[in-house]
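Dear colleague,

I am handing over the structure below, together with some notes on what was found in it. Please read the notes with the structure open beside you.

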Amino acid sequence: MRKHIAIVEDEPALRENYSAALSRQGYQVKTYGNRLKAMQSFTVHLPDLAIIDISLEDEAEGGFDLCRDLRAMSAELPIIFLTARDSELDAVSGLRLGADDFLTKDVSLPHLAARVAALFRRIDALKRPDNAAQTLRTGALSIDAEKMQTTWNGAPVTLSLTEFWIVHALARNPGHVKNRQQLMDAANVVLDDNTITSHVKRVRRKFQHLDAAFDAIQTVYGMGYRWVG
Amino acid sequence: MSIRLQLLLIALTTLVLPWAGCQYARELETTLRRSQEYSLQASAGTIAHALAAQPQSVLRDVADAQPFATPLGDVYVYPLNNQPLLDGYREDWGLAAEPTPLPTATNLRARLLAGFADRYLYVYLEVDDAGFDPEPADVHPEHDRFDRVDLSTRWPDGALQSYFFATAAEGLIEAQTLVHGDDGVDHAAAEPRIQAYWRQTSHGYRLEARVPKSLIGSRLWIEASDGGSNARAGFMGALTMRGGRIFSVTPGLDTLLTTFIGPGTRATVIDENSLKLGLAGAVALASPEGQPATERSWYRRFVADDISDWPLQVAAPDRVAGNNITAALQGHGSAEWLRAAATRDALLSAAAPIVVDGRTRGAVVLEQAGDQLLDLRDRALTHLFDLTLLATALSVSVAFGIAAWISLRIGRLRQAADAAVGSDGSIRLQMPESSRSDEIGALARGFERLLARLNEHTQYLRTLGGKLSHELRTPLTIVRSSLDNLESEGVRIDQRGYVTRAREGTLRLHAILSALGAAARVEESIKQAERVSVDLCAVLQSAVEGYRGAFPTALMELFTPPDACFMRGAPDLIVQMLDKLVDNAVDFCPPSGTITVRLARNAGNYELSVDNDGPPIPGAMLDLLFESLFEHRQGVDDKPHFGLGLYIVRLVAEFHGGTAAARNRADGGGASFTVMLPML
């Protein structure tokens, strides 16, 4: 059965472009221009994945409300947030809306497709039993690459998809310095340096939330970051 | 011209007050003079009327209106204050008058002076007669020839009496008269009541005679004759001519006049010949005779009227003269300002005609000093001057004070305006004086509004980059995602070039937008930055290591203190700042040049400098380099530059409480950018 993706985006050109790209990947795509239309449709039939713009027509944060409502309807439904500016990423992440990923709108279509695919893979993986072979362990960290689940000292760390890929890229080769470009490639995004920095900062904060002494991600100034496990 | 000077000038215009005061004083003086003229003229008129009512006590002879005529033998007899000594000298007469020449048809010259003293008529006669012809011992006046002086008088009833003076030698003599003898011949007989002194002089003789008034009638003849030559001077033919009249002051008139006048006024009554008939009172001149009026108020120098063109008082012992007196004698009373003959002081003379039976028979002349007016005026003027000078001084100092206060405030405002826009581009919105309600306060508020608008504008410009970058992002994303789709749909091989170029274009556009928004992002991240303890040495070593990898062509050197350099800061920001500095240095450094990163401790600061071997920076730009959107690069490279790099350096330095500065290296071999970060 073809996966059903809902795109809620008020910019028609973008909407159509995203839709075309994802349709080409074999997904069934439905697009909505505002929150009301999207909700009317969602109450009838839930999509398999939703891509939501934060600002919707005259509702500057209409996407947040939509996400909250959608999450109330389904705990597992993957949700990708699109933001107009990098600086909103922090805010969006801080809201803990239960979204699975946060992206800026200038993400390239192949990258978007990659993470949509990744999120569907995770849904599938979650339905299967645990596969220890897929689990990466280093120190207190344990990463399930298929289910994209991360635990620190056994406690789950809720990371967005981008964050997960950054952590995964770092932890796979502890001690090795990954520069920003490498991290972006791993996360399937094109971001500027500052945004990588703030992603890393957020990741650290999430770990520190569980373990105040967390210091596994080191900044190597002028070069990048490395996992010290 | 400074405000201080302008207000001073305005204040000085109060000097017009003393000037106006002078004008007023002049007016006042004119008015006072006019009123003095009127009142004196009125007094003169009153006196004249009173005198006209009793002409017999004024005039010599009410019925006789014939003019005074010396050629006909008329004599003015001066009133003498005391009886002179009979000695042939007239110095003791106390008269300033000169003897009057007697008419003569020959070459004999004689001069006459007459005066009344007490009960006597005094006659003084000077005769120029070189040869003395003495009186013979047994004189026969009818035949003998000798030097003699004849004096004849006639009473109103027609009785005639003649006397003659002659002597054999100088000395005290008696007059002689002819007495008809029993022999039918006239004999000379002495008249002891009439005494005289005959004094010989080098060129003639002088006779000083004393005649009791009782022996003098209403007419008088006086004649001198030379015994040797038969020459005569004086009045011949006593019986055929009418005889000289005796003009003099009217007895009792002085006393009468005294009752009319007040102090400080001199009254003179004259007859139609201008001869004095009576005199009373004295003029009180302000300055003593002979002493010029220098000790008056110094203001007088500025306001004194010029009286030098006033006529001088004509003062003669026997008569008074002047334009107004001439007019009065013609029947028109008037007053005239004169200068006193002796002191040149202002003198007012008022004359009024004495009209008897329709004929002007004389005049009353009143004289008063004008100086009492001056005194009055001086007192007023001195007061005025003192007051206005005080007022001027006061207003000048007040004006000066206000001017100083105003220029102080304006200066304060100007300084604040100069400093309103700081070197870092920040704008101080508060101006001094803005709470005041006057024009300067309004000006200050105007400045504040201007600055507020400027600030808004500056803020707008600052955020413009970020806004632009944001607004352009969506269309750019549309283009890019469209390109993505186009490529996925499959592009013909011959079309691929266009797609590639379009994609390159979007990449460049993206880079431009990122650069434009960079400052806004840094400002954003500065807001969220947390300070931690940072070892600058470690950060620099790590970062420079990274730069060596990133810029393999540049030779990069790092000098740090040997020990750790800890400070409280945001290492990410510091590295970002270093990125910009190194970026900048790499851009300017020639291929074989060296980039030197140096960290040193300097007076409580860490001094972080990045030098390059590039060309020096023009001096005027050194201070502007760290401004937002300032870009001075001339070269073209593939990276977009919006002059934000060094602005970010400044932002980060300031976040850490430090400063950023650029200078050219002393050796001229390159530029050096230095950031001072407090150690804390």
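Predicted model: local features only at pLDDT ≥ 70, side-chain atom pairs only at ≥ 80, totals over all residues.

Two residues are taken to be in contact if their C-beta atoms, placed from the backbone, lie within 7 Å.

Chain B has 680 residues, of which 33% are buried, and its secondary structure comprises 11 helices and 26 strands.

The largest nonpolar core has 77 residues, and the members that touch the most others are B:Phe165, B:Ala363 and B:Val364. At least three residues of this core come from domain 1 (12–59 + 251–378) of chain B, and at least three from domain 2 (70–248) of chain B. To take one of these residues, B:Val364 touches B:Ala44, B:Ile47, B:Ala48 and B:Leu51, as well as B:Ala267, B:Val269, B:Ala351, B:Ala352 and B:Ile354, when residues up to four places away in sequence are left out of the count. There is also a second, separate core of 61 residues, which includes A:Val8, A:Ala21, A:Ala50 and A:Phe64.

Is B:Ile261 buried, exposed or partly exposed? The residue sits in the loop between helix H3 (253–258) and strand E13 (265–271) of chain B, and it is partly exposed because 18 other C-beta atoms lie within 10 Å, whereas a buried residue would need 20 or more. Not counting residues up to four places away in sequence, B:Ile261 touches B:Ala267, B:Ala280 and B:Gly281; the C-alpha atoms of B:Ile261 and B:Ala280 are 8.0 Å apart, although 19 residues separate the two along the chain.

Turning to chain A, five strands make an open sheet with parallel pairing, in the order E2-E1-E3-E4-E5. Strand E2 (28–32) and strand E5 (101–104) of chain A each have a single partner strand, so one side of each is left without a neighbour in the sheet. Neighbouring strands of this sheet are turned against each other by 20 degrees on average, direction ignored. Within the sheet, strand E3 (residues 49–53) and strand E4 (residues 79–83) of chain A run parallel and are joined by four bridges, and A:Asp53 has A:Leu82 as its bridge partner in E4(A). Helix H3 (residues 62–73) of chain A packs on this sheet, where it touches strand E1 (4–8), E3 and E4 of chain A, and its direction makes about 160 degrees with that of E3(A). Helix H5 (residues 109–127) of chain A also packs on the sheet, touching E1, E3, E4 and E5 of chain A, with its direction at about 140 degrees to that of E3(A).

Another open sheet in chain A has three strands in the order E10-E12-E11, with antiparallel pairing. Its edge strands, each pairing on one side only, are strand E10 (177–179) and strand E11 (217–220) of chain A, and the twist from one strand to the next averages 35 degrees. Three bridges link E10(A) to strand E12 (residues 224–227) of chain A, and A:Val177 has A:Arg226 as its bridge partner in E12(A).

Finally, the two chains meet where 26 residues of chain B are in contact with 24 residues of chain A. On the chain B side, the largest share, 12 residues, comes from H7(B), and the residues of that side divide into eight nonpolar, 11 polar and seven charged.

With best regards

Notes. Residues numbered from 1 in each chain as written. Chains lettered and ligands numbered in written order. Helix = DSSP H or I, 4+ residues; strand = E, 2+ residues; numbered from the N terminus. Nonpolar A, V, L, I, M, F, W, Y, C, P; charged D, E, K, R; others polar. Core = buried A, V, L, I, M, F, W, Y, C linked by C-beta atoms within 7 Å. Buried ≥ 20, exposed ≤ 12 C-beta atoms within 10 Å, placed from the backbone. Domains from an automatic or database assignment. Pairing = 2+ DSSP bridges. Axes fitted to C-alpha atoms, helices over the stretch in contact; angles between N-to-C directions.
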